[in-house]
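Let's take a walk through this one together, pocket and ligand in turn.

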Amino acid sequence: MANRENPYLPYPAVIQRVKEETSDIKTFSLAFKDKARQTTFYYRPGQFVQVSILGLGEAPISLSSAPCCNGSFELSVKRSGRLTERLHQLKPGDEIGIRGPYGNGFPYEEIKGKNIVFVGGGIGLAPLRSLINSIIANRDDFGSLQILYGARTPADLVFKDELNCWSETDGVEVLVTVDIGDERWTGNVGVVTTLFAKTRISADNTAAFICGPPVMIPFVIRDLLEIGLPEEWIICTLERHMKCGIGKCGHCNIGSKYVCLDGPVFNYRELKQLLESF
Ligand SMILES: Cc1cc2nc3c(=O)[nH]c(=O)nc-3n(C[C@H](O)[C@H](O)[C@H](O)COP(=O)(O)OP(=O)(O)OC[C@H]3O[C@@H](n4cnc5c(N)ncnc54)[C@H](O)[C@@H]3O)c2cc1C
Ligand code: FES
């Protein structure tokens with residue numbers, strides 16, 4: 001029996017299902033081999049796990065499923081390097097290592113009663129999906145939901161079925177855009193911020209969540225500030241290169257904060273202070 005006092009030891013998890021979202025993004029449904037571990041695996045939307053494959057090290061990946069179902073959990077992974085390349089070759093029944101959950105996660109109790117705006121780009125919709133599905137499962141606790149999502153091309157859109165499902169839910173508006181359309185695409189073409197002109201976002205009692213490529217984030221923040229959202233209700237999740245995931249190695253720090261421990265979720269007020277002190 002492994003010594004579970006060692007925080008670096010991963011737990012074996014078995015791939016249950018693999019869904020191909022796009023040519024380079026797959027969603028993996030996983031369950032811990034140890035049933036007791038699976039039934040006590042609690043996490044919050046916005047938290048991440050360290051995924052390991054023998055000989056290839058580890059990579060931090062956000063939990064993309066809502067925490068309400070504890071029979072399995074999901075990770076949506078873009079093929080981008082050594083570990084994720086190998087992960088994409090794995091099939092149901094194969095095993096990987098998982099440790100975590102880590103990080104602070106999104107505020108949840110604090111946003112009850114608020115209108116919520118999500119702005120996602122590419123694979124950045126993965127951590128937001130966990131929160132969106134948690135909110136939809138408890139729809140009466142929240143105000144209106146607006147989901148603005150952008151991808152490079154129509155073929156790069158993830159969670160297509162869910163985007164449709166969400167748009168059919170009462171009080172939920174979904175707006176999608178692509179940078180480059182194709183002959184069948186009849187929707188909006190342009191970067192995700194062009195969607196702000198296609199709807200009305202009220203700053204009143206609203207919280208916004210942003211996740212996407214680093215180049216997208218400052219533009220989205222700029223537009224949300226212009227709409228009048230307070231800095232503390234503009235909430236981003238950040239990506240940094242990580243090693244330990246538990247505040248020990250110093251790989252992920254920005255100024256005095258560790259992204260793995262104090263983040264990856266920060267509101268814009270915190271982020272501004274961090275970047276000023278950096
Ligand atoms: C909190 C958090 C959550 C994340 N969630 C997700 C998620 O849900 N889904 C997802 O697909 N990805 C997610 N990522 C990103 C993912 O962890 C990285 O893409 C990871 O590096 C992939 O590992 P790899 O071994 O496949 O790729 P790597 O071999 O690490 O390469 C990935 C890319 O990063 C570059 N790179 C590697 N090391 C460095 C370095 N030290 N400095 C600069 N560039 C470097 C490589 O050149 C390559 O372009 C998340 C990252 C963080 C921090
Ligand atoms: S990854 Fe080691 S301190 Fe954050």
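**The second largest pocket**

With 3 residues, strand 6 gives the most to the lining of the second largest pocket. This is a predicted model, where local features need pLDDT of at least 70, side-chain atom pairs count only at pLDDT 80 or more, and totals for chains, interfaces and linings use all residues. Residues are numbered from 1 along each chain as its sequence is written, chains are lettered from A and ligands numbered from 1 in the order in which they are written, and side-chain values use heavy atoms, with hydrogens and water left out.

Strand 1 (11–20), strand 3 (48–53) and strand 6 (95–102) each give two or more residues to that lining; strands here are DSSP E runs of at least two residues, and helices H or I runs of at least four, numbered from the N terminus. Among the lining residues are Tyr-11, Ile-53, Arg-86 and Glu-95.

**Over to ligand 1**

A polar side-chain atom of Thr-84 lies 2.5 Å from one oxygen atom, while a backbone N or O atom of Gly-81 is 3.3 Å from an oxygen atom of the ligand.

Terms used. A polar contact is a pair of N or O atoms within 3.5 Å; within protein, one must be able to donate a hydrogen and the other to accept it, and residues adjacent in sequence count only if both atoms are side-chain atoms. On a 1 Å grid over the protein atoms alone, a cavity is a set of points where a 1.4 Å probe fits but cannot get out, and a pocket is an open set with protein on both sides within 12 Å along at least five of seven lines; lining residues have an atom within 4 Å of a point.
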